[in-house]
Amino acid sequence: MTGPRETVRSGYSYLTTDPDLEKSIGFREVDPDRDLGRLHAWLNSDHVLPYWEQDDPLLQVRETINERARNEDQTLYIGYLDHTPMSYWESYWAARDRIGDYYDADQTDQGIHLLIGPPEYLGEGYGAPLVRAMVGFQFQHPETERIVTEPDIRNERAIRVFEKCGFEAAHEVDLPDKTGLLMFCDRDRFEEGGA
């Protein structure tokens with residue numbers, strides 16, 4: 001296991017540079033053993049708990065992450081800013097996720113869940129560049145034409161970030177653990193520059 005200030009220069013599934021931030025953004029797949037400590041800390045952060053509601057002990061977090069990592073319908077990532085781990089991402093096939101029950105999902109639609117871990121990264125304007133990088137990564141799949149997300153309706157900051165990245169609100173959805181705002185980003189809109 002490595003510490004929260006770990007730096008890496010290789011092993012990314014996707015790496016880009018945001019021209020406005022002039023910082024690199026990378027995603028590498030979660031290694032449950034390597035990342036358990038940081039994920040446990042992030043999930044128990046004051047700014048994450050209201051939305052993820054996973055203030056579980058370390059062993060329960062290990063089981064949860066292992067279960068998610070085994071799910072072939074999603075891939076878990078650690079997001080890096082300038083090679084420093086600072087976010088957690090779930091990229092999933094929407095038609096095989098619970099959200100697929102709430103709209104007419106295409107088999108190639110992909111979805112996003114995310115959290116920013118260390119609080120010092122909040123309010124610094126990193127959210128939109130990070131989401132744009134992940135959406136760009138997901139659209140590398142040639143058959144994917146739409147990305148879906150369902151942020152907690154209370155999380156106005158997250159909703160604004162998705163809107164900045166070209167997502168449009170469809171309607172509220174009552175999920176088992178939250179009321180979400182179903183939002184879509186089409187490939188054409190994203191490639192044209194979004195909102």
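This is a predicted model: local features need pLDDT of at least 70, side-chain atom pairs count only at pLDDT 80 or more; totals for chains, interfaces and linings use all residues.
Residues are numbered from 1 along each chain as its sequence is written. Local features need pLDDT of at least 70, side-chain atom pairs count only at pLDDT 80 or more, totals for chains, interfaces and linings use all residues, and side-chain values use heavy atoms, with hydrogens and water left out.

**Exercise 1. Salt bridge inside a helix**

Task: Describe the contact between Arg 38 and Asp 35, and state whether each residue is buried or exposed.

Solution: 
- Start with the criterion. A salt bridge needs a side-chain nitrogen of Lys or Arg within 4 Å of a carboxyl oxygen of Asp or Glu.
- Apply it. The side chains of Arg 38 and Asp 35 form such a bridge, at 3.0 Å from N to O.
- Helices are DSSP runs of H or I with at least four residues, strands are runs of E with at least two, and both are numbered from the N terminus.
- Check the cover. Buried means under 20% relative accessible area, exposed over 50%, and partly exposed in between (1.4 Å probe, protein chains only). The areas come from the Shrake-Rupley method, and for residues only the protein chains shown count as cover.
- Arg 38 has 5%, so Arg 38 is buried. Asp 35 has 0%, so Asp 35 is buried.
- Arg 28, Asp 35 and Arg 38 are linked in a network of salt bridges.

**Exercise 2. Salt bridges between separate parts**

Task: Which parts of the chain are tied together by Arg 96 with Asp 73, and which by Glu 150 with Lys 178?

Solution: 
- Begin with the total. The whole structure has 13 salt bridges.
- In one of them, Arg 96 meets Asp 73 at 2.7 Å, N to O. Arg 96 is in the loop between β4 (84-93) and β5 (110-116), and Asp 73 is in the loop between α3 (58-70) and β3, so the pair ties together parts 23 residues apart in sequence.
- Arg 96, at 43%, counts as partly exposed. Asp 73, at 24%, is partly exposed.
- Glu 150 forms a salt bridge with Lys 178, with the closest N and O atoms 2.9 Å apart. Glu 150 is in the loop between β6 (146-149) and α5, and Lys 178 is in strand β8 (residues 178-186), so this pair ties together parts 28 residues apart in sequence.
- Glu 150 is buried at 2%. Lys 178 counts as buried at 17%.

**Exercise 3. A positive surface patch**

Task: Which residues form the patch of positive charge, and which helix gives the largest share?

Solution: 
- Patch members have over 30% relative accessible area and no salt bridge; like charges are joined within 9 Å. Lys and Arg count as positive, while His and the chain ends are not counted. The charge is placed at NZ of Lys or CZ of Arg.
- The members are Arg 132, Arg 157, Arg 160 and Lys 164.
- Helix α5 (residues 156-164) gives the largest share, 3 residues.
- Arg 132 lies in helix α4 (residues 127-138). Arg 132 is partly exposed at 31%.

**Exercise 4. Positive phi**

Task: Give the phi values of Glu 53 and His 83, with their places.

Solution: 
- Recall the background. Most residues other than glycine have a negative phi.
- Glu 53 is not a glycine, yet has a positive phi of about 50°. Glu 53 is in the loop between α2 (49-52) and α3, and is partly exposed at 49%.
- His 83 has a positive phi near 70°. His 83 is in the loop between β3 and β4, and counts as buried at 13%.

Note on methods:
Patches are made of residues with over 30% relative accessible area and no salt bridge: like charges are joined within 9 Å, nonpolar side chains (Val, Leu, Ile, Met, Phe, Trp, Tyr) within 5 Å. Accessible areas come from the Shrake-Rupley method with a 1.4 Å probe; for residues, only the protein chains shown count as cover.
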